[in-house]
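Biologist: I am new to this structure and would be grateful for a close look at a single part of it. Please describe that part and then set it in its surroundings.

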Amino acid sequence: MKNKILEIFKKDINKNYYENYISQLNFKKLSDDNKTITFEIPNKYLSNYIKTKFLDTLKQILKKNPTFKNIENINLSILGEKNSMKKQNTNKSKDIVSFNKSYTFENFVVGPSNEEAYTVCKTIVEKNSKQYNPVFIYSSTGLGKTHLLQSVGNCLLEKNKNVLYISAENFMNDYTYSIKIDSMPKFREKYRKCDILLLDDVAFLTNKPHTQDEFFHTFNELHSSNKQIIMTSDRLPSKIHNLVDRLQTRFEWGLIIDIKPPQLKTKIDIIKKKSELNGIILDDEIIQYIALNIDSSIREIESILVRINASVNLLNQNIDLGLVKELLKNQISEKNKFITIVDIIETITKELNIKSQDLKSSKRTAKIVKARRIVIYLSRKLTYNSMPEIAKYLRMKNHSSISKNIKKTEQLIDEDKDFEQLINSIKKKIETTKIQDN
Ligand code: ADP
Ligand code: MG
């Protein structure tokens, strides 16, 4: 069977794509109704890549073949990921299948920006403590709310708890569907009898009075029977429009925690972790470049790793800084595109009241060391210059002294809020001057 299916694909797919991607599919099973075919795939990145690029094509190719004419779904199952739990718990809730098995505490990188949320979730799981109930976690998008919520879920599933994870949107869909098919008792049984409810993206309830009403009763029932509730949102309860007061009050009963954007060190740790998990080897300079240049969301970091992996597999390219810069080009904000070391030096010499020649000299007074530090750091963050280029410009020994310098700067930023603020304000000045120039 395996060879037969791959042969079918091979005929219709470009050789390069076939060899790099499709040949890695390993046939597992065809469902009894012939509608779903499952393949095993070595890792998440390949799986994501195939899903976004090839799934429809593969389906069409299969449908042309009489044996597979009924195919409606292609499932990709990642090699080595456990799905035993899924089987174990299918009778508890259909939503359990939406757990992502890679969203675990072990895969979550902890840093100052998310430590509190992590610790609270971990405590709930390990100590079964209801000290905080409900827990309300909020942050902007892509900073790990769903990952944490599902880590709680995955952990409790292993302990055979009746845990329910659902997005507020699906809660609403389930609710309206249950009304339609006249099965509200079943709906209530499901939501009010679980041990723990994990409700993701609760701000979706904005302007949904009926769903809010139903959730209000669900909440009360769970809370009064001392069942844990964890919710996430992209904003505070008070900022969710048209949330009925009684729900807002309840959301505020327990603990409200925010996840902030990660600092550089945490971003670096996350990139290391994600690339390790997916078998990509990146050297420190590349890791640092990605971390410095992607500001907002960890989801973006992941997408760049997917693209690195794809380029490497497809074009057989080595992962070097040039490739990564090219891939990141569109993600780096417009305003930074034209900033040069000269712009950076100009602003810093003005702000710190020093001469630009001093930066290139061997002087080591505290003030000049500090200014040089900021020039190096911001040059890496805001310009396309490589470490050797920066070293040459500042007449420093070599790129490893630049690298050491940046590491030290990161440490100082972590330790010293004033220094961090100084760097941020200089960065803003450089960017605004540049916008005015253009
Ligand atoms: P949110 O729900 O806040 O929008 P997600 O939980 O979906 O964000 O996170 C986006 C992606 O970033 C996920 O793939 C997740 O694994 C990853 N991620 C976020 N924070 C971390 C972290 N601290 N460590 C490891 N991965 C993270
Ligand atoms: Mg989310």
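In which sense do strand 5 and strand 6 pair, and over how many bridges?

Modeller: The model is a predicted one, where local features need pLDDT of at least 70 and side-chain atom pairs count only at pLDDT 80 or more, while totals for chains, interfaces and linings use all residues. Residues are numbered from 1 along each chain as written, chains are lettered from A and ligands numbered from 1 in written order, and side-chain values rest on heavy atoms, without hydrogens or water.

Strand 5 and strand 6 (residues 196-200) pair in the parallel sense, over five bridges. Helices (H or I, at least four residues) and strands (E, at least two) are DSSP runs numbered from the N terminus, and strands pair if DSSP finds at least two bridges between them. At the level of residues, Tyr 165 has Leu 198 of strand 6 as its bridge partner.

This pair belongs to an open sheet of five strands, in which the order is 5-6-7-4-8 and the pairing is parallel. Strand 5 (163-167) and strand 8 (255-258) are the edge strands, each pairing on one side only. From one strand to the next, the twist averages 15 degrees.

Two helices lie across this sheet. Helix 7 (residues 145-158) lies across strand 4, strand 5, strand 6 and strand 7 (228-233), and runs at about 160 degrees to strand 6. Helix 10 (residues 209-224) lies across strand 6 and strand 7, at about 140 degrees to strand 7. Axes are lines fitted to C-alpha atoms, for helices over the stretch in contact, and angles run from 0 to 180 degrees between N-to-C directions.

Within the sheet, strand 4 (residues 135-138) includes Ile 137. With a relative accessibility of 1%, Ile 137 counts as buried (under 20% is buried, over 50% exposed and anything in between partly exposed, with a 1.4 Å probe and protein chains only). Beyond its neighbours within four places in sequence, Ile 137 is in contact (heavy atoms within 4.5 Å) with several residues, among them Ala 117, Cys 121, Ile 230, Met 231 and Ile 257. Thr 249 is 112 residues from Ile 137 in sequence, and the two C-alpha atoms are 15 Å apart in space.

The cysteines complete this picture. The structure holds zero disulfides (a disulfide being a pair of cysteine sulfur atoms within 2.5 Å). Cys 155 is in no disulfide, and the nearest cysteine sulfur, that of Cys 121, is 11 Å away. Cys 155 is partly exposed, at a relative accessible area of 24%. Cys 194 is likewise in no disulfide, with the sulfur of Cys 121, the nearest cysteine sulfur, 16 Å away. The relative accessible area of Cys 194 is 0%, and this residue is buried.

Elsewhere there is an open sheet of three strands, in the order 1-2-3 and with mixed pairing. Its edge strands are strand 1 (26-30) and strand 3 (73-78), and its twist averages 25 degrees from one strand to the next. Strand 1 and strand 2 (residues 36-41) pair in the antiparallel sense over four bridges, and Leu 30 stands opposite Ile 37 of strand 2. Helix 3 (residues 44-53) lies across strand 2 and strand 3, running at about 165 degrees to strand 3.
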